[in-house]
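Q: I would like a close look at one part of this structure, with the contacts around it described in plain terms. Please keep to what the model shows.

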Amino acid sequence: MSIMSNAKRALAIAAAAATLFSMAACGSSNAAGNKSDSSIAASSGKIEVVASINQWGSVAEDLGGGNVEVTNIMTKTNVEAHDYEPTSQDVAKFGTAKVAVVNGADYDPWATKAAQPTKATLVTAAETAGIKEGDNPHVWFSAKVRSNAADAITAAYQKADPSHKDDYAKLNKEWHAKEDQLESKIKETSAKTENLPYAATESVAWHLADDLKMTDATPKGYAQASANESEPTPADIKDFQDTLKGGSIKMLVFNSQEANSTTDQITGAAKDVNVPIVELTEQMPKQYTNLLDWMSALVDQFAAAVK
C-alpha cells in the first residue's frame, strides 16, 4: 500500500523493538553468536551489508562487487514490507553489518529501528532525495532516488573500506552508466506517455509514472481509500468502473501483489472496455536480480500499453 496505517506501523516497530530487547537480554550467548558472524565476515575480507528489501540489496551488490557480502531480509513478492515483522535472526544481521541499506519514508520502519542502535553506516534511500514519512514510499521507482541512493551506498563503502576506494568509485561509474541508459529509455518513452491519464489500483508505481510524465487520474475516493489502507466504498468502486467505461483513462496500473475481489472488479471493468493494463508487483520479482533490469522491463511494459 502507498502509506502504512498507524496500527501496522506500530506493530512493526514494536516487533523490532521487542526483538532488540530480547537479544540484549540474552547476554553472552548472543554476543558470542554475533562475534562468530563478524569473524566470518572479517576472514572473508568483505564488507558485511544488510538490505531491508531485495531491490536495494541488488543495488548494494552492484556497487560493491566482490568486496561486499549482501544479505537481503525481504526477497518474496507475497509479503509487503509494511506488514513485515522481523525475526531475531533478521535483527541480528543488522547488528553485525558494517553497512545497512533501508528504504525509509515509513516503508520499512522495522529495518530502521533495527539498524539505528548498531555501528553500521545507515543508508536510507528515501532521505537521499528528501522524501519523508507521508510521501509516496515506493522510492525505488524514482530515477532521482536510485541515483542518490547509489552515491550514498558508495560513500558508505568507501568509509568502511578505504583501501578499495578506487574500486568502489569505478563500480559506481559503471552503475551510473546503466542508470543513464535506463533514464534515456524513460525519456524516450515519455514522448509517448506524457500527459497520458492513467489510474492505479494502488499508487505503487507512482514515481515511475511521474518520471514518464503521466497524469494520475485515479478517482479521488478510491485513491484516498487506498492511501489510507481502508476499504473503498461501493460508491468508490462504481465511480472507478464508470470512469474506466467513460474512456478518459487510457491505462490501468495493477499491483498483482495485492489482488483481491475489489481489484478484480476494477481490472474486469478495464478489460471490458479494452483499457490496457500494466501488471506489476511491489517487491522485485524473482526473475530479476537487478533493480535496473526490472525497471527497464517495466518501462517497456508502459510503452507497449500505449495505444
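Which side chain meets that of Glu69 in a salt bridge?

A: In this predicted model, the side chain of Glu69 meets that of Lys46 in a salt bridge, at 3.7 Å from N to O. Glu69 lies in strand E2 (residues 68-74), while Lys46 lies in the loop between helix H2 (28-44) and strand E1 (47-53), so the pair ties together parts that are 23 residues apart in sequence. Glu69 is partly exposed, at 44% relative accessible area. Lys46 is also partly exposed, at 31%. The cut-offs behind that word are 20% and 50%: a residue under 20% is buried, one over 50% is exposed, and partly exposed is what lies in between.

Side chains of opposite charge can pair when their charged atoms come close. Another of these bridges joins Glu174 and Lys170, with 2.6 Å from N to O. Here both residues sit in helix H7 (residues 165-193), 4 residues apart, about one turn of the helix. Glu174 is partly exposed, with a relative accessible area of 37%, whereas Lys170 is exposed at 53%. Asp135 and Lys132 form a further salt bridge, at 3.8 Å from N to O. Asp135 counts as partly exposed at 28% relative accessibility, and Lys132 is exposed at 54%.

Aromatic side chains pair as well, and the structure holds 6 aromatic pairs. One of them is formed by Trp140 and Phe141, with 5.6 Å from centre to centre and 40 degrees between the planes, which makes it tilted. Trp140 is buried, at 0% relative accessible area, and Phe141 is likewise buried at 0%.

Ser296 lies in H12 itself and is buried, with a relative accessible area of 19%. Not counting residues up to four places away in sequence, Ser296 touches Leu182 and Lys185. Thr289 lies in the loop between strand E8 (277-280) and H12, and counts as exposed at 63% relative accessibility. Leaving aside neighbours within four places in sequence, Thr289 is in contact with Ser58 and Met284. Thr289 and Asn54 are 235 residues apart in sequence, yet 8.3 Å apart in space from C-alpha to C-alpha.

How values were computed: Residues are numbered from 1 along each chain as its sequence is written. This is a predicted model: local features need pLDDT of at least 70, side-chain atom pairs count only at pLDDT 80 or more; totals for chains, interfaces and linings use all residues. Side-chain values use heavy atoms; hydrogens and water are left out. Rings of Phe, Tyr and Trp (its six-membered ring) pair if their centres lie within 6.5 Å; planes under 30 degrees apart count as stacked, over 60 as edge-to-face and the rest as tilted. Buried means under 20% relative accessible area, exposed over 50%, partly exposed in between (1.4 Å probe, protein chains only). Helices (H or I, at least four residues) and strands (E, at least two) are DSSP runs, numbered from the N terminus. Contact means heavy atoms within 4.5 Å. A salt bridge is a side-chain nitrogen of Lys or Arg within 4 Å of a carboxyl oxygen of Asp or Glu.
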